[in-house]
Amino acid sequence: MAAHSGTRAIVAALGANLGIAATKFIAWALTGSSSMLAEGVHSVADSSNQGLLLLGQRRGKKQATPLHQFGYARVRYIYAFLVSIVLFTLGGLFALYEAWHKFQHPTAIASWKWVPVAVLLIAIVLEGRSFLIAKEEAKKARGTRSLTSYVRTSRSPEIPVILLEDAAALIGLVVALAGVSMTLITGDGRWDAIGSATIGCVLVAVALFLASEIGSMLVGESADDEVTASICAALAQGERPLELIDLRTMHLGPDDLLIAAKFSTSANVTGDEIAATINSAEARIRAAVTHRCAIYLEPDIPPRNY
């Protein structure tokens, strides 16, 4: 099936994170909580990431040009890879730096003590709603695959990125809530620093995972097993079935697929017959898969056995 862009999930996550970021920074300004600052920067990073994903989708729709003859669909992978960099630097490394600074100079939360707790509880509700929307969009796209398998095998970056970002955000919010609560109970600011450090580690881990997965997409991944099986079945059927020698596929983008195949033919067929066979096979492929396909089929004559 064609990839799902997940625009609804991106917009929902963007709206949630903008609102959450504002409330976290207000709470940090009132209390000086390290966890609140780390979480506020995390929400800014997430908002920037969703903006990057939307920009990637828009630029990926540009028409092919003589210079970029297969179009711009791969741009979506580039912008998704930038997301992992932003998440690693602006989110993860900043949270770790803030934790280190707080460990060196621990301070208790002396004013507006319960504001961070209220903000974090509200943020958990909003982030949870965003995560459920992302799961709903993933359900439409993953078919019979499990959610974990879908994240690992999807050729579309947007929904897996939003799912992982929202999951990391929920974990971070719960950790921040624990760190802030322990700081309020004990008066020891190091609990707040522990919360910030944990948030940083989670964000770095998610960023590295995303970089690995999307880097693989940038290199060029083949069609998944379901799509490959549909292509093979289409080529083997019809009035002019093909006997495949080799089949290669590569995603030019989430919805764009390059298909190259070599098939066996006899020495006594005419050029017109080969052309008709190829045209028929291309039509069957386009009917079998929903991707935009660039198809190249090459006839070959098997060697004679003497």
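Hi everyone, let's start with a pair of helices: H3 and H7 are roughly antiparallel to each other. Please keep in mind that this is a predicted model.

Where do these helices sit in the chain? Helix H3 covers residues 75-104, and helix H7 covers residues 190-219. In general, two packed helices are described by the angle between their axes and the distance between the axes. Here the axes of H3 and H7 come within 7 Å and cross at roughly 160 degrees. An angle over 145 degrees counts as roughly antiparallel, so that is the label for H3 and H7. Their crossing is left-handed. What kinds of residues make up the contact of H3 with H7? There are 26 nonpolar residues, along with six polar and four charged ones.

Now for the charged side chains. As a general point, side chains of opposite charge can pair when their charged atoms come close. How many salt bridges does the structure hold? The count is 10, and I'd like to walk you through some of them.

One takes us back to helix H3. Arginine 76 and glutamate 158 meet through their side chains in a salt bridge, at 2.8 Å from N to O. Arginine 76 lies in H3 and glutamate 158 in helix H6, residues 158-186, so to speak two distant parts of the chain, 82 residues apart. Are these two partners buried or exposed? Buried means under 20% relative accessible area. Arginine 76 has 8% relative accessibility, so it counts as buried. Glutamate 158 has 1%, so it counts as buried too.

Next, we move to a pair of strands. Arginine 292 forms a salt bridge with aspartate 256, and their closest N and O atoms are 2.8 Å apart. This pair also links distant parts of the chain: arginine 292 belongs to strand S3 (residues 292-300), aspartate 256 to strand S2 (residues 256-264), and they are 36 residues apart. Aspartate 256 is buried, because its relative accessible area is 12%.

What about the setting of aspartate 246 and arginine 248? The side chains of these two meet in a salt bridge at 3.2 Å, N to O. Aspartate 246 has a relative accessible area of 32%, which means partly exposed. Arginine 248 reaches 56%, so this residue is exposed.

Finally, which residues are linked in a network of salt bridges? They are Arg8, Glu136, Glu137 and Lys140. Do look for them in the structure.

Conventions: Residues numbered from 1 in each chain as written. Predicted model: local features only at pLDDT ≥ 70, side-chain atom pairs only at ≥ 80, totals over all residues. Heavy atoms only, no water. Axes fitted to C-alpha atoms, helices over the stretch in contact; angles between N-to-C directions. Helix = DSSP H or I, 4+ residues; strand = E, 2+ residues; numbered from the N terminus. Parallel < 35°, antiparallel > 145°, perpendicular 65-115°, else oblique. Left-handed = near helix turned anticlockwise from the far one by under 90°. Nonpolar A, V, L, I, M, F, W, Y, C, P; charged D, E, K, R; others polar. Salt bridge = Lys/Arg side-chain N within 4 Å of Asp/Glu carboxyl O. Buried < 20%, exposed > 50% of the residue type's maximum accessible area, 1.4 Å probe, protein only.
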